[in-house]
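Where are the pockets of this model, and what lines them?

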Amino acid sequence: MSTPERAAAAARRMLSAKAEKFTESVIREMTRLAMKHGAVNLAQGFPDFAAPAEVKEAARQAISDDINQYAITWGARPLRDAIAEKFERTQGVRVDPEREITVCCGSTEAMMSSMMGIINPGDEVVVFEPFYENYGPDAILSGATPRFVKLRPPDWTFDETELARAFGRNTKAIILNTPNNPTGKVFSREELEYIRDLCVAWNAFCITDEIYEHILYDGAKHISMARLEGMRDRTITVNGMSKTYSVTGWRVGWAIAPPEATSAIRKVHDFLTVGAAAPLQESGALALRLPQSYYDKLASDYRGRRDRMLAILESAGFDVFKPRGAYYIMTDVSRFGYPNDVSFSKYLVEKIGVAVVPGSSFYNDPRDGARQVRFTFCKTEKTLAAAEERLSRLCA
Ligand SMILES: Cc1ncc(COP(=O)(O)O)c(C=O)c1O
């Protein structure tokens, strides 16, 4: 070992072995690369259009009204009331805002606090892959061993036997994400029931990330796992304001869970972050009560963007997997003849001027995503048109 290598190894021994086990977020790294190369950022899923005026006004008003100190650690009551009301209105599930809701700093923290609240050494969590990249580090940091189960293109279905085999004595939970990032899959009632039966048989939780619940296409329906018979008391529903109200920078999310799990989640949450921004929680209480027309328009605007992006990608030579929900398109890039997804993504950002996410970042084994890259389309027409112009220079 050379002297610098020895020094680096010594420095690493001073650090957490857990933190050594995962890399920085590839998605967030792609945003930094997009800025460096002046590329159109179709990597990270944040809208580049305005958030709803009334939601922004409510936040301004809350600051003027001096709602500027810590909210109750598990969330301001008006927001918890609005979360409970909305869950009942949209999914028919009644929850107690006093004992079953924890407001967190984004659904990211809600997922982490939930995992840390329920995981013990030796516990396993079942994770569908491709998966939203946070779930890998979430498992490592909470101490869970992930058991991966493939969603297979083009429809991203899973093999029931493979899923059943992933459950066992040590299974503490399955992580579900519907509508799904990165595939756009919306789990059907039959699929959810199959998962439900396994959770019941093995006495496992389902932690379900439903952050794209309102972004649905072609008649797809979102069904919350908590709604299924037998799941009300073993489901932790993670959700947030980021995607539904186009406020990803606000960092307001929540976990809905049965009372015992909620008290564990609340303790972890309190010592991790104390609480989400108080004035933004106040605005959340208004946002969650927006009329149905708001959600209808959100979905129809996204359908327009999805169709536009599908057309752009197809005419640039990509093989696309049409999403039924969320705002991403997974593509197969084999035709372009690059050795793998990372080299192709590098070429796209540096030479073509479009940032995407390499498919490997959604898989445990990078080889499984070596032919895929993910585009997001939560962007203005101006951004999509700029991407179209740049992608037209590609030769498949
Ligand atoms: C599936 C999924 N869950 C959670 C998040 C992050 O949500 P939040 O901004 O509420 O932390 C994202 C963001 O892209 C996501 O795609």
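The model is predicted: local features need pLDDT of at least 70, side-chain atom pairs count only at pLDDT 80 or more, and totals for chains, interfaces and linings use all residues. Residues are numbered from 1 along each chain as its sequence is written, and side-chain values use heavy atoms, with hydrogens and water left out.

A pocket here is an open set of points, on a 1 Å grid over the protein atoms alone, where a 1.4 Å probe fits, with protein on both sides within 12 Å along at least five of seven lines; lining residues have an atom within 4 Å of a point. Points are joined across faces, edges and corners, and the volume is the space filled by probe spheres set on them.

The largest pocket holds about 570 Å³ of space. It is lined by 26 residues, with Phe-22, Thr-23, Glu-133, Gly-136 and Pro-137 closest to its centre. Helices H3 (26-37), H6 (106-118) and H7 (135-142) and strand S4 (145-150) each supply at least two lining residues (helices, H or I of at least four residues, and strands, E of at least two, are DSSP runs numbered from the N terminus). H7 has the largest share, five residues. The lining comprises 13 nonpolar, eight polar and five charged residues (nonpolar: Ala, Val, Leu, Ile, Met, Phe, Trp, Tyr, Cys, Pro; charged: Asp, Glu, Lys, Arg; polar: the others, Gly among them).

The second largest pocket holds about 500 Å³. Of its 25 lining residues, Arg-28, Thr-108, Tyr-132, Lys-243 and Arg-251 lie nearest the centre. H3, H6 and H7 give two or more residues each to this lining, and H6 gives the most, four. By class, the lining has eight nonpolar, eleven polar and six charged residues.
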